[in-house]
Amino acid sequence: KGKPNYGYVRFAEEASAQAAHAAGSVFIGRKKVRVRLSKWRAGTPTAEPRPSNFVGLFNLPYQITETGLQLVLQKFPGFLNVRLVNRKDGAFAGYAFAQFRSIEEATVCRVSLAGLTL
């Protein structure tokens, strides 16, 4: 409760994505998760994103605040700001973007935070 109830996975190979979809559902921990192919990307190869001085922070708890994220991110050199994304109704959408002075500083943050649960 309090976290988004969806997620996205990018597979290295189309065959792997099709196999996961054919299974219909999988268990992650003790939770059964339904698997569907994205309608707008199904079968479309995606390129690796270009390096950027922004870091996307996804699947954040809905109760997180801008101040809370700033406390986590300010320990990384080059941190400039963070912007929480809101839905049309004004509620937090569960993701944010942090800006750094350079691509290198953003990359250090991205690698350090990979897999971190807040």
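This is a predicted model: local features need pLDDT of at least 70, side-chain atom pairs count only at pLDDT 80 or more; totals for chains, interfaces and linings use all residues.

Colleague: OK. How many helices and strands are in the protein chain?

Modeller: You get 3 helices and 5 strands. Starting at the N terminus, the order in the protein chain is α-β-β-β-α-β-β-α.

Colleague: And what share of the residues is buried?

Modeller: Of the 118 residues in the protein chain, 25% are buried. The accessible surface of the chain is about 9,100 Å², and carbon and sulfur atoms account for 55% of that.

Colleague: On to the inside. Which residues of the largest nonpolar core touch the most other members?

Modeller: Those are L57, L69, L73, V82 and F100, out of 18 residues in that core. The elements giving two or more residues to the core are β3 (54-57), α2 (66-73), β4 (79-86), β5 (92-100) and α3 (103-113).

Colleague: Which of them gives the largest share?

Modeller: β5 does, with 4 residues.

Colleague: Pick L73 for me. What is L73 in contact with, leaving aside neighbours within four places in sequence?

Modeller: L73 contacts L57, F79, V82, A98, C109 and L113.

Colleague: V82 and A98 are both in that list. What is the bridge partner of V82 in β5?

Modeller: A98, as it happens.

Colleague: Then how do β4 and β5 pair, parallel or antiparallel?

Modeller: They're antiparallel, over 6 bridges. β5 also pairs with β3, again in the antiparallel sense, over 4 bridges. In that part of the model, F54 stands opposite Q99 in β5.

Colleague: Which residue takes a positive phi in the hairpin of β4 and β5?

Modeller: G90, at near 95 degrees. That hairpin has 5 residues between the strands.

Colleague: Switching to charges. How many salt bridges does a search of the whole structure find?

Modeller: It turns up 2. One joins D89 and R87, where the closest N and O atoms are 3.0 Å apart. The other joins the side chains of R101 and E105, at 2.9 Å from N to O.

Colleague: Start with D89 and R87. Is D89 buried or exposed?

Modeller: D89 is exposed, at 57% relative accessibility. R87 is partly exposed, with a relative accessible area of 43%.

Colleague: And E105, buried or exposed?

Modeller: E105 is buried, at 17% relative accessibility.

Colleague: Why does 17% count as buried for E105?

Modeller: Because buried means under 20% relative accessible area, and E105 has 17%.

Colleague: Where does E105 lie, and what does it touch?

Modeller: E105 lies in helix α3. Not counting residues up to four places away in sequence, E105 touches P77, G78 and F100.

Colleague: Now the rings. How many aromatic pairs does the structure hold?

Modeller: There are 5. One of them is F58 with Y95, which is stacked, with 5.8 Å centre to centre and 25 degrees between the planes.

Colleague: Which parts does that pair tie together?

Modeller: F58 is in the loop between β3 and α2 and Y95 is in strand β5, so the pair ties together parts 37 residues apart in sequence. F58 is exposed, at 52% relative accessibility, while Y95 is partly exposed at 26%.

Colleague: What about Y95 and F97, stacked or edge-to-face?

Modeller: Edge-to-face, with 5.8 Å centre to centre and 85 degrees between the planes. F97 is partly exposed, at 27% relative accessibility. Ring pairs link F58, Y95 and F97 into a cluster.

Colleague: Last one: where does T117 lie?

Modeller: T117 is in the segment after α3, and it's exposed at 60% relative accessibility. The C-alpha atoms of T117 and L60 are 8.2 Å apart, though the two residues are 57 residues apart along the chain.

Conventions. Residues are numbered from 1 along each chain as its sequence is written. Side-chain values use heavy atoms; hydrogens and water are left out. A nonpolar core is a set of buried Ala, Val, Leu, Ile, Met, Phe, Trp, Tyr and Cys residues joined through side-chain atoms within 4.5 Å. Buried means under 20% relative accessible area, exposed over 50%, partly exposed in between (1.4 Å probe, protein chains only). Contact means heavy atoms within 4.5 Å. Two strands pair if DSSP finds at least two bridges between them. A salt bridge is a side-chain nitrogen of Lys or Arg within 4 Å of a carboxyl oxygen of Asp or Glu. Accessible areas come from the Shrake-Rupley method with a 1.4 Å probe; for residues, only the protein chains shown count as cover. Rings of Phe, Tyr and Trp (its six-membered ring) pair if their centres lie within 6.5 Å; planes under 30 degrees apart count as stacked, over 60 as edge-to-face and the rest as tilted.
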